Amino acid sequence: DFREWCLSTGLFELAQGHGNAFGVVIHKDNIEKLLKIADETLLEQDKTYDVDELLHNKSNLNDVQKFNELQHIYGGKVNPPMFGYKDLVVTRNSISQRGSVLTFYHEGLEFIAFKQQQGLLDDFLSKAGFSQHFKVDLVGEPSKNEWTGRIKHQVILQDYTMEILDDAS
């Protein structure tokens, strides 16, 4: 309950509403203290996803194409499949960002993450230095993009992680 957590810090003048929909009032002098407490207590937790198939260091363009042909059956109680990709190795040239859209490419398949912070990839590549290879874990649903008669099969990402690989190993 995030509202309860806010109240427990003792830094908020007001936290009204219920646990998942509320408003707060905090004095600006307490914001730095709040950030410190948040860093200490709100650790990133491992996320768990239910996937229909988990692939290790490979993608599945043919499967995505087959599921895209069956798009008409999804909806209501029938959900599209969810794929997980673990330890997928991509190169620097296989990742791009245009505005808030981050794209990974692997074996002819596009992996798309929408609503990403602009400059995210530039910051990541800057930290990577001269490294050319990265390991990514991805979770998403198959989709396709049709534009000017061209079809691109893709996976719309729900989540991803990126890690720099040491090119020396």
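Reader: Is glutamate 110 buried or exposed?
Author: Glutamate 110 has a relative accessible area of 9%. This is a predicted model, so the value describes the prediction. Buried means under 20% relative accessible area. At 9%, glutamate 110 is therefore buried.

Reader: With which residue does glutamate 110 form a salt bridge?
Author: The closest N and O atoms of the pair are 3.3 Å apart, and a salt bridge asks for a nitrogen within 4 Å of a carboxyl oxygen. The partner of glutamate 110 is lysine 152.

Reader: How many residues apart in sequence are the parts that glutamate 110 and lysine 152 tie together?
Author: Lysine 152 counts as partly exposed, with 30% relative accessibility. Glutamate 110 belongs to strand β7 and lysine 152 to strand β9, so their pair links parts of the chain whose separation in sequence is 42 residues.

Reader: What is the bridge partner of glutamate 110 in β9?
Author: Strands β7 (residues 109-113) and β9 (residues 150-164) run parallel and are joined by three bridges. Within β9, glutamate 110 has as its bridge partner glutamine 154.

Reader: How many bridges join strand β8 to β9?
Author: Strand β8 (residues 133-147) runs antiparallel to β9. Among the facing residues, tryptophan 147 stands opposite arginine 150, and asparagine 145 has lysine 152 as its bridge partner. The number of bridges joining β8 to β9 is 14.

Reader: Which residue takes a positive phi in the hairpin of β8 and β9?
Author: This hairpin has two residues between its strands. A positive phi near 50° is found there at threonine 148.

Reader: Within what arc do the buried residues of α4 fall?
Author: The buried residues in α4 are Leu121, Phe124, Leu125 and Ala128. Viewed down the helix axis, they line one face of α4, because they fall within an arc of 95°.

Reader: Is aspartate 122 buried or exposed?
Author: The face of α4 turned away from its buried side carries Asp122, Ser126 and Lys127. Exposed means over 50% relative accessible area. Aspartate 122 has a relative accessibility of 58%, so this residue counts as exposed.

Reader: Which residues of the largest nonpolar core touch the most other members?
Author: This core holds 23 residues.

Reader: In which strand is threonine 103 found?
Author: Threonine 103 counts as buried because its relative accessibility is 6%. Beyond residues up to four places away in sequence, it touches Ser94, Ile95, Ser96, Glu110, Phe111 and Ile112. Threonine 103 is found in strand β6.

Reader: How many residues apart in sequence are the parts that aspartate 87 and lysine 135 tie together?
Author: The side chains of aspartate 87 and lysine 135 meet in a salt bridge, 3.6 Å from N to O. Aspartate 87 sits in strand β4 and lysine 135 in strand β8, so the separation in sequence of the parts they tie together is 48 residues.

Reader: Which residues do salt bridges that share partners join into one network?
Author: Lysine 135 also meets glutamate 163 in a salt bridge (3.7 Å, N to O). Glutamate 163 lies in strand β9 and lysine 135 in strand β8, so this pair ties together parts 28 residues apart in sequence. Through shared partners, the network takes in Asp87, Lys135 and Glu163.

Definitions and conventions
Residues numbered from 1 in each chain as written. Predicted model: local features only at pLDDT ≥ 70, side-chain atom pairs only at ≥ 80, totals over all residues. Heavy atoms only, no water. Helix = DSSP H or I, 4+ residues; strand = E, 2+ residues; numbered from the N terminus. Buried < 20%, exposed > 50% of the residue type's maximum accessible area, 1.4 Å probe, protein only. Contact = heavy atoms within 4.5 Å. Pairing = 2+ DSSP bridges. Arc of directions from axis to C-beta. Core = buried A, V, L, I, M, F, W, Y, C linked by side-chain atoms within 4.5 Å.
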